[in-house]
Amino acid sequence: MASDDTPPETPDPGTVRPGGRTARVRAAVLDAAGDALAEGGFAGLDLSEVARRAGVGKTTVYRRWGSTTALVADLLADMAEQSSPRTDTGALLDDLRANAHLVRTTLTDPRQGPLFRAVIAAATCDERTAHALHRFYEIRVAEWAPCVELAVQRGELPPDTDPHEVVRAVSAPLYHRFLLSGAPLDEEAAERAARAAAAAARAGAYRTTPGARCAIIEA
């Protein structure tokens, strides 16, 4: 007979949201996995060690997740759900500032920063991790896209502005600093990213009509 702390198997970790004891076990395991990733990177992630950190049996972890990539996929799904909701200030620039501040705060957090760095590194060589990371990012972009849609409705932006591209334009330079350039990821960088994305959007750089974009480039 299975022990009480052993949750049922799921076909795809992260697609089922259990409740009760199963939810507590999942939360403990994902928290432990996040700590392990932040401390040792993806290469040092071990299911047995995660089970020990979480205070659950190894069988529980192996049966539910089965592999480190499946565990990371579930961790990213949980992170996407737990992330702070978007801010709606009633003004495009202030909304994009809030988004830039959230991205910067996450990437410079002592735990979250190393965790993201480990996951991004793993995604470069593991397809399942890459898929989970892409899904995480698109969920967060979709969460903030309505800010741009509302700006279009208020007349702040051209009517055919792509909301997702505007939100991506805010975080892209921050991730570049985080991963590639080594430049300071400070509040000035976040402010600049928000202002640049807002200015480009107002100028029509993210319009979905090809002719409109060409006209902007030629101008």
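Tutor: Let us begin with Tyr137, which is partly exposed at a relative accessible area of 23%; buried means under 20%, exposed over 50% and partly exposed in between, with a 1.4 Å probe and protein chains only. The model is predicted, so local features need pLDDT of at least 70 and side-chain atom pairs pLDDT 80 or more, whereas totals for chains, interfaces and linings use all residues. Residues are numbered from 1 along each chain as its sequence is written, and side-chain values use heavy atoms, without hydrogens and water.

Student: How many aromatic pairs does a search of the whole structure find?

Tutor: In general, a pair of aromatic rings is described by the distance of the centres and the angle of the planes. Rings of Phe, Tyr and Trp (its six-membered ring) pair if their centres lie within 6.5 Å; planes under 30 degrees apart are stacked, over 60 edge-to-face, and the rest tilted. The search finds two pairs. Phe116 and Phe136 have ring centres 5.4 Å apart and planes at 55°, so this pair is tilted. Both Phe116 and Phe136 are buried. For Tyr137 and Tyr175, the centres are 6.0 Å apart and the planes at 90°, so the pair is edge-to-face.

Student: Which residue lies over the face of Phe178?

Tutor: A charge sits over a ring if NZ of Lys or CZ of Arg is within 6 Å of the ring centre and within 35 degrees of the ring normal. Arg117 lies over the face of Phe178, at 4.2 Å from the ring centre. Arg64 lies over the face of Trp65, at 5.1 Å from the ring centre.
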